[in-house]
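This report concerns a protein assembly and is meant to be read alongside its sequence and coordinates. Please consult both while reading.

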Amino acid sequence: MIDVAGIKLSNAQIAWRAAQDLQDGSYVNLGIGFPELVAQFQPAGRHITYHTENGVLGFGKAPPEGEEDWDLINAGKKPITLKPGTAFFHHADSFAMIRGGHLDLAILGTYQVAENGDIANWSTGRGGVPAVGGAMDLVHGAKAIVVITDHITKKGEPKLVKRCSLPLTGVGCVTRVYTSLAVLDITPRGFVVREKLLALSLEDLQLVTGAELHLDGAIAPLVCPEV
Amino acid sequence: MDKTLSKLSEAVASIKDGMTVMIGGFGGSGAPIELIHALIDQGSKGLTVINNNAGNGHVGIAAMIEQGMIEKMVCSFPRSADPVAFTEAYKAGKIQLEVIPQGTLAERIRAGGAGIPAFFTPASYGTELAEGKITEEFEGKMYVRENWLKADLALIKAERADLHGNLTYRMAARNFSPLMAMAADKTFAQVRRVVALGSIDPEQIVTAGIFIDGIVEVPDPAQEEALNRAGAVYP
């Protein structure tokens, strides 16, 4: 068994890989936290319009310290900035963009994702104060729902599973998964491996995955720069 | 017709124990801090409060919780940078919580204001938040029925108002406010500036005055985030 921790991609590298597939001219929602990293690696020459649930489309980067305007924040309640072309709208319109199928892509983090496209990313089910935010809305409506995630948990358990054991966010939503080890599509057959790290055999990848891996043609090498 | 009120206290005077109050804002953005603090001064108890969150720090909605005014919180995300007020009350069993997906919360409020008693949404289908709810298939996909959400009163924050209560908002601060203004029996707005009729380009009006019952000018409104960074506590 290969030492997965020694070869796996960093979160920034996973975000970089997902960013390579951003389509020019697309409207994209990045989930709070880790997925927000994707914007940093947007390939040059492509114009992406980012959506944030609280009602802003086409916003700019975080402002310098001391120049925050607390009326201008993103869904993670972090300050953002205006740029030419920014649009504001109220919350019902914002979620109409999500549910109505107007976004091209949503990139989300997760606790678990299953071979049938189910996703569990809002609750660890361990009690505490339940809080869902926009997670259950976001997993519906965008033309593609993709997940970026470490392939395994900190305890070494698979995050790609046959069926989610944690409370579900949505059923049959996810179409693609970018992990620290591989890129996989979710198809009617289950997980299909599109790319994997060269240092990792398919058998090794299967050992750290909680569902059967399928092939559909050749597996391309997953190669990311140091970022 | 002049909907201007001279004092914040007039905007909250009709609130009674046990009422349902919608409060605008997403986190601190758009939170009507001065109106909330006027409500704390007024002192109604047993309130059901509808807001995206459940307070942050020790001002605004968090301060209402600390004063024991809220019986039930209806929100999507009762966590924040400093959620101690809600978390302690919740763990002590002193406050009820209804968690609603954010887009469903927004649409339920919109439906309440638009006279639509129920609608179907894909959000929450197949999850524990849909347990016990009616579901139906449309064009091969499953949806959950959700009911409208209404309130006795809404407190919101806007940027400018004319004397008829036509409102503009500032940046992302509008969030839930245009929806809540429609969904409450009475809506009161604190605004940075009250201007003469005709001073707002009709093309720029986001909330039409028909939804507004009273406006109070608060020329330099506090920002929840700034208050929290300064360690503010109300009262």
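The sections below describe the contact between two chains and then selected elements of one of them.

## Extent of the interface

The model is predicted. In the contact, 37 residues come from chain A and 45 residues from chain B. Together, chain A and chain B bury about 3400 Å², of which 64% lies on carbon and sulfur atoms. On the side of chain A, Trp70(A), Asp71(A) and Val129(A) account for 22% of the area buried against chain B, more than any other three residues.

## Polar and charged contacts

Between chain A and chain B, 18 residue pairs are in polar contact, both residues of each pair having pLDDT 80 or more. Two salt bridges are found across this interface. In one salt bridge, Arg170(B) is joined to Asp69(A), with 2.3 Å between the closest N and O atoms.

Helix 3 (91-99) and helix 4 (135-138) of chain A are the elements that give two or more residues to the side of chain A touching chain B. The largest share, four residues, is that of helix 3 of chain A. By residue class, this side of chain A comprises 19 nonpolar, eleven polar and seven charged residues.

## Helix 4 of chain B

Within helix 4 (residues 84-91) of chain B, the residues Ala85(B), Phe86(B), Thr87(B) and Ala89(B) are buried. The cover over the buried residues of this helix includes helix 3 (60-66), strand 4 (70-75) and strand 5 (96-99) of chain B. After helix 4 of chain B comes Gly93(B), with a positive phi near 75 degrees.

Strand 2 (residues 20-23) of chain B runs parallel to strand 9 of chain B and is joined to it by three bridges; here Ile23(B) has Leu155(B) as its bridge partner. Strand 11 (residues 184-195) of chain B also pairs with strand 9 of chain B in the parallel sense, over ten bridges, and Ala184(B) in strand 11 stands opposite Ala151(B).

The pairing of strand 9 with strand 10 (residues 167-168) of chain B is antiparallel and consists of two bridges. In it, Thr168(B) of strand 10 stands opposite Arg160(B). These two strands of chain B form a hairpin with four residues between them, and Gly165(B) in the turn has a positive phi of about 90 degrees.

Terms used:
Residues are numbered from 1 along each chain as its sequence is written. Chains are lettered from A and ligands numbered from 1 in the order in which they are written. This is a predicted model: local features need pLDDT of at least 70, side-chain atom pairs count only at pLDDT 80 or more; totals for chains, interfaces and linings use all residues. Side-chain values use heavy atoms; hydrogens and water are left out. Contact means heavy atoms within 4.5 Å. Buried area is the accessible area (1.4 Å probe) that two parts lose on being put together, summed over both. A salt bridge is a side-chain nitrogen of Lys or Arg within 4 Å of a carboxyl oxygen of Asp or Glu. A polar contact is a pair of N or O atoms within 3.5 Å; within protein, one must be able to donate a hydrogen and the other to accept it, and residues adjacent in sequence count only if both atoms are side-chain atoms. Ala, Val, Leu, Ile, Met, Phe, Trp, Tyr, Cys and Pro count as nonpolar, Asp, Glu, Lys and Arg as charged, and the others, Gly among them, as polar. Buried means under 20% relative accessible area, exposed over 50%, partly exposed in between (1.4 Å probe, protein chains only). Two strands pair if DSSP finds at least two bridges between them.
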